[in-house]
Structure formats: C-alpha cells, structure tokens
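Colleague: Could you take me through some of the helix packing and strand pairing here?

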Amino acid sequence: MKLRIIIAAIAVVMLGACKSEKKINSYSDIYSERPTTIYIAPVNDKTERRVEKYPKDAEYNNEINSAKAYLYQTMPVPLTKKGYYVIGPVASAEIAQAIPMTPKQLRNGDLKSFGTDYGVDAVLVVTLHNWKDENGKKIAYLEYQMRSTKSNVDLMHTWVLATKQVSTNLKGDPIRLKNDTRFAKALDVDNGTAQRCYLVEKVNDYVLRNLPISSQRRQFEKDLYRVANPQYIKYTWLDGGAIVEECSEEEYESQAFL
C-alpha cells in the first residue's frame, strides 16, 4: 500500500513538472471578468441505458443513474471552497425551468439572460459522454465547460478520461476494500454504485479546485502563476491514490465515443 501511495505521488509530481501552462494563461478570462456567482446546469447525460431483460441490466442502470445524481450533487463543494457562490439546487431547478435551454444551446448559445435575469456570472455544463466497464475498471468520459454570461466565452473547458481501478478476486468479482466499504455504507448504496460515485466525486474535486480563487477573496490573483490543469486529462484512481496524466484530444475521442 505504501509503495502504491509513493508511486501515485511521484506521478502527480511528474505531471506538474512537465506542464508549463500557468493559470494566468489558461484562465485569463476568469481573471479579467471576475465571475463570482455560478449556476450549475443539469448534467448532460449521454450514456446509453440497457434494455432491462436481466437483473444485471437493472443494476447497471441504477448504478449510472445514481452516479449521475451524485456527479451533480458534489460539484458545488470544490467551487465553494474556492470562494464562489453556487446557486442552490432549488433555485437552480427554477432557473432550469424558466430558461429551458437544450444542452447544445448551453454549450454554444447565448447565455446573457442568466446574467440579466438571475445575476449569474457563469454557467457550468458537465457532459457525461459514456461509461465503460473493462477488466474490473469503472471508466467515465466527462467534459467540463464553464461559460461566461457576459461574453459567452469559455472560462474553462476540460475533458477527462476517468478510471476507478477495482480490485478483483480470481473469479473476477470485485473485492470490497475498507475505504470502498466505508464509502458505500455512508451513501447507503451497493458496491458498484459506490465505485462510480467515488470516481465522479474525486474527478469533480480535481477539475474544479484547479480554478482560480474567487475575486471575492483577498487571495484572488495569488495563484496566477501556479500550474493549470491540461485540457485533456487521464485520471486514474488506484487503491493507494490518484495518478493524473495528460492525454491528447485524439486519445480521448477514440475511446469515449466507441
């Protein structure tokens, strides 16, 4: 276990060492526009559900439905830690009904009504492109896009190929580790659902806590020259911790849309 933790830590350090893009460059529009209030749009879920012919089909559908809900539920935490004000779930539901925009419109259309009508500075749209299960791994393909309601520009746009490595026994069945068991018990869900929820929560934290500190805080601009996340990320959560690497657009698309 200690060896795995050391390897994971080295991998993260190596990633930081090989990247040169600073936050002042990657998030230049955030520093100039200074958004403080963020509306999180409903998750754009493009994952296909299974026809429920067998119990495992229903189990799979329940797992990804729960993971989608948990993905949305855990997005505000890293944002509020950075000092942003996130519109609450009840108000967000009312905004979604009042401005019924499609995912495509949210990603590419005019968002200025969110600012003029509700005082929102930025809209966060997260797309869940796909889920895959391969050799004991839970793999999610996610896209994070934060857009300005003032200029309609992308304040942040990140693609993530996220993997949760699940330990298995000789039969290929998942082994419930202590941390996974504790997490499943806290959420009151089964092991498969817990694996997916754990992964999306960790990815939310990794992607969103890299944003600049809100201009409402004295520390705004303190992290101007710190390293920014790459646009395409390969995020792997092992039993001992996370390994994060940069991947290419071609690598992401070749796997996400198969």
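Predicted model: local features only at pLDDT ≥ 70, side-chain atom pairs only at ≥ 80, totals over all residues.

Colleague: How do the axes of H4 and H10 cross?

Modeller: The axes of H4 (residues 55-73) and H10 (residues 191-208) come within 9 Å, with a crossing angle of roughly 25 degrees. Because angles under 35 degrees count as roughly parallel, H4 is roughly parallel to H10. The crossing of H4 past H10 is right-handed.

Colleague: Which residues in H4 and H10 meet?

Modeller: On the H4 side, they include Tyr60, Ile64, Ala67 and Leu71. On the H10 side, Arg196, Cys197, Val200 and Glu201 are among them.

Colleague: And how do the residues of that contact divide into nonpolar, polar and charged?

Modeller: The contact of H4 with H10 has seven nonpolar, four polar and three charged residues.

Colleague: Turning to the strands, in which sense do S4 and S5 pair?

Modeller: S4 (residues 122-134) pairs with S5 in the antiparallel sense, over twelve bridges. Within this pairing, Asn130 has Tyr141 in S5 as its bridge partner. Two residues lie between the strands in their hairpin, where Asn135 takes a positive phi near 50 degrees.

Colleague: What about S5 and S6, how many bridges join them?

Modeller: Eleven bridges join S5 to S6 (residues 154-165), and these strands run antiparallel. The bridge partner of Gln145 is His157 in S6. The hairpin of S5 and S6 has five residues between the strands, and Asn152 there takes a positive phi near 65 degrees.

Colleague: Why is S5 described as largely enclosed?

Modeller: Eleven of the twelve residues of S5 (residues 137-148) are buried, so the strand is largely enclosed by the rest of the structure.

Notes: Residues numbered from 1 in each chain as written. Heavy atoms only, no water. Axes fitted to C-alpha atoms, helices over the stretch in contact; angles between N-to-C directions. Helix = DSSP H or I, 4+ residues; strand = E, 2+ residues; numbered from the N terminus. Parallel < 35°, antiparallel > 145°, perpendicular 65-115°, else oblique. Left-handed = near helix turned anticlockwise from the far one by under 90°. Contact = heavy atoms within 4.5 Å. Nonpolar A, V, L, I, M, F, W, Y, C, P; charged D, E, K, R; others polar. Buried < 20%, exposed > 50% of the residue type's maximum accessible area, 1.4 Å probe, protein only. Pairing = 2+ DSSP bridges.
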